[in-house]
Amino acid sequence: MAKTILITGATAGFGRATAEKFASNGWDLIITGRRKDRLDELQQSLVNRYGVRCLALHFDVRNKESVFETFHHLPEDWQKIDILVNNAGLALGRDYFDEADLDDWETMIDTNLKGLLYVSKAILPYFIKRGKGHIINIGSTAGKEVYEKGNVYCASKHAVDAISKAMRIDLLRHKVKVTAIHPGAAETEFSLVRFKGDNDKASQVYAGYEALTAEDIADTVWYTGNLPEHVCINDLVITCTAQANSFHTYKG
Ligand code: NDP
Ligand code: 8X3
């Protein structure tokens with residue numbers, strides 16, 4: 001029987017590439033996101049090209065009621081989930097702390113931290129019932145080092161780092177693996193979202209070096225998600241070769 005992966009934020013970037021990677025290897029998928037048109041299109045495309053089962057669930061991870069309602073009513077034949085990838089997330093703005101926008105802060109905390117908590121809590125009963133499961137949280141190098149004008153985005157990703165460690169301890173008794181993957185700069189829609197549609201600012205982020213791609217991260221999710229049952233990668237930091245950390249990128 002095919003295994004099943006649930007990916008939040010599958011309409012773009014890492015989530016979409018991860019869906020592609022797992023579907024092309026015969027996994028069934030539950031894909032989620034807010035943009036219904038993109039989600040439905042991806043679902044059709046994965047089913048048509050790979051002959052896998054794919055359930056598209058359209059909701060905002062910030063909406064606690066939607067999250068619990070959606071997963072509480074998961075059809076019985078979709079309840080055997082092997083991997084949850086908590087990927088949905090974003091940065092909004094790149095501003096000094098004193099100049100930053102309060103709504104941006106709240107959106108980042110609500111999405112990157114609270115959304116991850118809601119989805120994990122809603123899915124855990126299925127893992128606990130089976131006595132196994134794997135949660136893969138997408139953190140960031142911003143969750144390891146704080147950089148100028150990164151304030152609340154960095155804080156939200158430090159929280160993902162901390163909660164991943166906490167989950168790993170508390171879920172030991174249920175045999176649930178917890179992996180945190182912390183990518184550095186990767187060229188997706190991330191910067192376009194961060195800079196609120198400003199294409200020039202977004203493309204500047206990736207100018208002069210070869211950044212990670214969404215497919216690089218999908219490959220990393222694939223690797224960490226396909227290890228033997230007794231093996232768990234706890235924490236993985238991945239950058240492109242041109243980047244050493246949040247502060248040093250060689251733009252030769
Ligand atoms: P993209 O902007 O390309 O994709 C983000 C995805 O998250 C989209 O599918 C979006 O779907 C979804 N999403 C955002 N907000 C919500 C929400 N409220 N509810 C449901 N889904 C939501 O960015 P990336 O693929 O690059 O980012 C994915 C994750 O990786 C994020 O957590 C990001 O912080 C992290 N990351 C990114 C890095 C990078 O350099 N790109 C580096 C390190 C970490 P929709 O809009 O349809 O809801
Ligand atoms: C995304 C990487 O460096 O923009 O999490 O914070 S960075």
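Predicted model: local features only at pLDDT ≥ 70, side-chain atom pairs only at ≥ 80, totals over all residues.
A salt bridge here is a side-chain nitrogen of Lys or Arg within 4 Å of a carboxyl oxygen of Asp or Glu.

**Salt bridges**
- Asp28 and Arg53 pair up through their side chains at 3.2 Å, N to O.
- Asp28 sits in strand E2 and Arg53 in the loop between H2 and strand E3 (54–58), so this bridge ties together parts that are 25 residues apart in sequence.
- Asp28 counts as buried at 9% relative accessibility, while Arg53, at 30%, is partly exposed.

**A linked network**
- Lys165 and Asp161 form a salt bridge at 3.5 Å, N to O.
- Both are in helix H5 (residues 151–170), 4 residues apart, which means about one helical turn separates them.
- Lys165 is partly exposed at 43%, whereas Asp161 is buried at 8%.
- Shared partners join Lys144, Asp161, Lys165 and Asp235 into one salt-bridge network.

**Nonpolar cores**
- The largest core has 34 residues, and Ile5, Leu29, Ile31, Val85 and Val221 have the most contacts inside it.
- Elements that each supply at least two of its residues include strand E1 (4–7), helix H2 (36–50) and helix H8 (214–225), but H1 gives the most, with 5.
- Leaving out residues up to four places away in sequence, Val85 touches Ile5, Leu6, Ile7, Thr8, Ile136, Ile138 and Val221.
- A second, separate core of 26 residues includes Ile30, Phe71, Leu84 and Phe127.

Notes: Residues numbered from 1 in each chain as written. Chains lettered and ligands numbered in written order. Heavy atoms only, no water. Core = buried A, V, L, I, M, F, W, Y, C linked by side-chain atoms within 4.5 Å. Buried < 20%, exposed > 50% of the residue type's maximum accessible area, 1.4 Å probe, protein only. Contact = heavy atoms within 4.5 Å.
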